[in-house]
Number of protein chains: 2
Amino acid sequence: MERKTPGTGEKIELKFAEPRGFCFGVRRAISTLEESIARYGKVYALGSPIHNSQEINRLCNLGLEIVEDPGDIPLKAAVFIRAHGVSGEVIDQLAAKGSRIIDGTCPFVRKAQEKAAFLSREGYTVLILGDKDHPEVQAIREFAGGSVRVVDPADVDLPFGPGLSRVGIVSQTTQRKETLSLLVSNVTRVTDEVRVFNTICGATSARQDSVERLAGSVDGIIIIGGKNSANTAQLVEISEKTGTSTIWIENDGDLESRWFRGKRTIGIAAGASTPDWLIHKLENRLASAKSVREDGWEDD
Amino acid sequence: MERKTPGTGEKIELKFAEPRGFCFGVRRAISTLEESIARYGKVYALGSPIHNSQEINRLCNLGLEIVEDPGDIPLKAAVFIRAHGVSGEVIDQLAAKGSRIIDGTCPFVRKAQEKAAFLSREGYTVLILGDKDHPEVQAIREFAGGSVRVVDPADVDLPFGPGLSRVGIVSQTTQRKETLSLLVSNVTRVTDEVRVFNTICGATSARQDSVERLAGSVDGIIIIGGKNSANTAQLVEISEKTGTSTIWIENDGDLESRWFRGKRTIGIAAGASTPDWLIHKLENRLASAKSVREDGWEDD
């Protein structure tokens, strides 16, 4: 059945990719951070603890201070390690200045760090699938030490080897299973031994798969999440690849009514660090939109 | 430039896939066998030591006797283990009857056996890529023991898991790199850890790649090798997939002049257990063919 062009007075229908809202790792990190602020009054964070400016503003009002360099943290302060994790070297630096370390490292990220270190100790050449500029990948890389190389998702088709004999592979937790699979496949052809730890977060995969499925049944998809959030960027890429009209917003104020022109069913997906309240705000705004008009929506 | 249709009087041009003739493992096994026959006069082999009936006839005339069951071997006899290898259990049976064991197991097959046993000891679910009815695969399987499954090349696309967590993978030495790569790729998607030993024989891969390349520059390909030879079957499959007219012969007597009709350039490839003298015989026969005629070749 063909979907008819929406007429005046028709309501916008919303469909959601699941899971939405904070992932386990972010929820755990934020609640740990909130508890620490309540306890110590002031907590320093090394790098922004979450890729969402509104959530950061809320936390800064409570007592959070974000610094980029461990040198900027006073002695014996409470220091929060965000979900992305940091290198062992940074932990040593903090310990040396008597910091109270509040570790918000996501357990899945921790696993990737540990597996990378293990593979390196076992003498494998370690490949990390991920974005080399992302703090999570930088920390995993430092854990691996030794013979390590970050492989960008765009480069998994590059010819590898010869000269590679024992290769260990881990992944940034937010990468796509398909990309890891392709990398492993290419490396297998040219090496004697490949050992892979699939360190992709299962919930992240589920969210990605859900966006891909959703794209087939809606007129457009809104992805809500920070512009520097790796997992949100993946959702946008997946949605765009399906050919479905896609917009990436950081909050509901970024919406333009014109984008809704001719769209009746809208899919909504959110990155793992997009707070629930922001998703609800967007949902309420769209639900209360009076109707879709020829030139976009019409607010109540 | 278009290849012109051959006219009367044109010679057949031959091109060869490389390497041809016995592979390292077969050459080593056969020379070990010949030495043993010279030394002991009579040598029993468990299963046919090579997939080539003419070579077998030659060896039987020297003093070889082929049996299928260890029970058929007399006490204290000299017993040859072919390149495919046998299980540890068979070795124990032979040792118990005081056999002199002459081990012709190909070192690459030995490696696959050892890696399968290692993966099993380390607690991996072991997948063996290969033909479950092939003696090489049966021996590898017995070495792995425990939780093991043979995956047919046709089944590498099957959905695997869930329920697989740590998977170890080895391959029959004659499989294609591309097939192993595909299996590994599919398993990576559904497991936490994959450990792969690429036990495919490098020379076998080179022979396969050579057939694939050759197919593009000839009018037809002759594959010469035993009908129950796994590596020869792979060459035939690769050649047929290219769309090039392909015939599989066991010796030059199987050739039909009609197949040559319209073909001027012929590719020749041989399995790893095809003796050199057989390839030369074919080569001489074709080289001495007077010309290609409208209805096939014309012998001198």
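Predicted model: local features only at pLDDT ≥ 70, side-chain atom pairs only at ≥ 80, totals over all residues.
A:Pro19 sits in a loop of chain A, the one between β1 (13-16) and α1 (24-40). Helices and strands here are DSSP runs, H or I of at least four residues for helices and E of at least two for strands, numbered from the N terminus. The peptide bond leading from A:Glu18 into A:Pro19 is cis, with omega near -10 degrees.

Residues are numbered from 1 along each chain as its sequence is written, chains are lettered from A and ligands numbered from 1 in the order in which they are written, and side-chain values use heavy atoms, with hydrogens and water left out.

Another backbone feature to look at is A:Lys76, which has a positive phi of about 60 degrees although it is not a glycine. You will find A:Lys76 in the loop between β3 (64-67) and β4 (78-81) of chain A.

Now turn to strand β1 (residues 13-16) of chain B, where B:Leu14 is found. Apart from neighbours within four places in sequence, B:Leu14 is in contact with B:Ile266, B:Ile268, B:Glu283 and B:Leu286; contact means heavy atoms within 4.5 Å. B:Asp103, by comparison, is 89 residues from B:Leu14 in sequence and 37 Å from it in space, C-alpha to C-alpha.

Next, how do the chains meet? On each side, 20 residues take part: 20 of chain B are in contact with 20 of chain A. The size of an interface is often given as the accessible area lost when the parts come together. Between chain B and chain A, about 1,600 Å² is buried, and carbon and sulfur atoms give 46% of that area. The figure is the accessible area (1.4 Å probe) that the two parts lose on being put together, summed over both.

There are 16 residue pairs in polar contact between chain B and chain A, both residues being at pLDDT 80 or more. A polar contact is a pair of N or O atoms within 3.5 Å; within protein, one must be able to donate a hydrogen and the other to accept it, and residues adjacent in sequence count only if both atoms are side-chain atoms. On the chain B side, α6 (177-188) and β9 (193-197) each supply at least two of the residues that touch chain A. The helix α6(B) gives the most, with eight residues.

β9 (residues 193-197) of chain A is joined to β9(B) by five bridges, and the two strands run antiparallel; strands pair if DSSP finds at least two bridges between them. Within this pairing, A:Phe197 has B:Glu193 as its bridge partner.

Finally, the symmetry. Chain B superposes on chain A by a rotation of 180 degrees with 0.1 Å of shift along its axis (RMSD 0.1 Å). That is the relation of a two-fold axis.

Technical notes. Least-squares fit on C-alpha atoms with pLDDT ≥ 70 in both.
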